[in-house]
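Here is a short briefing on one structure. Take a look at the model first, then read on.

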Amino acid sequence: MKPALLVTSGLVALVFSQPLAAQSFQPRGSRSAGPASVRPMQSADAAKQSSAVSADLLQLYAQTQSVRTEADVTLIARSCTKVVGDKARSKNDREYASSLFAWALNRRGEMRSEQAATLVEQAKLNEAGQLDQLAMDDFRTAVEYGPDNWRMRHNLAIALAMKSDYAGAIDELSKSIELKPDYANAHFNRAELYFEMQQYAPAIDDYSQAIRLNKSDPQYYNSRGHCHFMLESFEDALADYLRATELGNDSAVYQTDLADAYQFLGHWEEAAKAYRAAVALNNQMPRAYQNAAWLMATCPDAKIRNVELALSAAKKAIELVGTRTPQTLDTLAAATAAAGRYAEAVKLQQQAIALTNDKSERSEFAQRMAIYQRGQAYVQPQSLQATQRNDAKIRTASGTDGAQR
């Protein structure tokens, strides 16, 4: 179910027909530390106020207030490098130029990172990757010239994480947190990376610190819930998921994560209610339809089963995905078998098996196909928590719509 640098997810057991997508790290809010980084460092402001530097540098500082393009920032950076290397200039001038240079490189890195994010949305992944690399190079250089700037270290951490260098990203986030311990998103992003590395205990510590700093962000609770769930602290997980739905009452993702957890734990009525709430919030979310279909087709509680709605929801999930995937076919097969159309269910399950490259998934699908071949429908165990805790394979998916990858 889960984390992106902002990073998080949703959960589901192997028995579910729709495993959530593998979680991957994405920045919290944006791929940079945010709009505040548009201004030069405080040391530059202080030097300006004291008039301890030359007029040409003060003019460069004035230009930082109106930069609009990468070329504007690059021009400032080049002007600063000339001063930094000029031994004839005063120490104040060289230090001030270094400060402005660090700001310029950091700002250019942010611009490149923002452009890369746009290219990713346009599916131009190669171009996005090249820009991400350039952005990371800028952030590295910015940190060299501004080692005590928490925002620059945070930006570098984001860039490293986007390149899957999680250890390096955690190191930079830790340094950023040392410099600014009250920045909640830094704790959250480090927690997301710990989650990615399956280090759930330190992830919980960081999520909790983020929550102490900002109790109103639903993603913090939802992501901590994923960690609790992976550690089988189910009551704590449900408490966090519920809090996320309260704070983010307009999010179908939080409702679906809560519903998936309920279904895994065998809380059938609560799961059904949460899926209905998710669909009401977003009727274009495939995972909500697919896992709701699975519940209505395979629930051991007859009051929850609804074959016609299960078939409709399974077909809607396929429509929203835009293609037949192994998981959507498996769900449709289960609903079709629940309707008593066993031969058709077998054919659908055969298609699901042919499409999957996952050995464990193929084995699971084959076991269900054998049930259909015997003229029976698949029904979930009465208590998945009790009967399959040791065998269930919990997968993670992103906790935000934009991060469902």
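G146 counts as buried, at 5% relative accessibility; buried means under 20% relative accessible area, exposed over 50%, partly exposed in between (1.4 Å probe, protein chains only). G146 is found in the loop between α5 (125–145) and α6 (150–162). Its C-alpha lies 5.7 Å from that of A102, while the two residues are 44 apart in sequence.

**Basis**
- This is a predicted model, in which local features need pLDDT of at least 70 and side-chain atom pairs count only at pLDDT 80 or more, while totals for chains, interfaces and linings use all residues.
- Residues are numbered from 1 along each chain as its sequence is written, and side-chain values use heavy atoms, with hydrogens and water left out.

**Whole chain**
- The chain has 19 helices and 2 strands; helices (H or I, at least four residues) and strands (E, at least two) are DSSP runs, numbered from the N terminus.
- Of its 405 residues, 55% count as buried.
- The accessible surface is about 17,300 Å², with 48% belonging to carbon and sulfur atoms; areas come from the Shrake-Rupley method with a 1.4 Å probe, and for residues only the protein chains shown count as cover.

**Nonpolar cores**
- The largest nonpolar core has 56 residues; such a core is a set of buried Ala, Val, Leu, Ile, Met, Phe, Trp, Tyr and Cys residues joined through side-chain atoms within 4.5 Å.
- L57, I76, C80, L193, Y207 and C227 have the most contacts inside this core.
- Helix α4 (residues 91–121) gives the most to this core, with 9 residues.
- A second, separate core of 47 residues includes A259, I318, A335 and F365.
- Leaving aside neighbours within four places in sequence, I76 is in contact (heavy atoms within 4.5 Å) with L60, Q63, T64, V67, W103 and A104.

**Helix α13 and its partners**
- Helix α13 (residues 268–281) has 14 residues and reaches 20 Å from first C-alpha to last. That is close to the 20 Å expected at 1.5 Å a residue, taken as 1.5 Å times one less than the number of residues.
- Its buried residues are W268, A271, A272, A274, Y275 and A278.
- The buried residues of α13 pack against α12 (252–265) and α14 (286–298).
- Q255 lies in helix α12 and is buried, at 15% relative accessible area.
- Not counting residues up to four places away in sequence, Q255 touches T245, A274, A277, A278 and L281.
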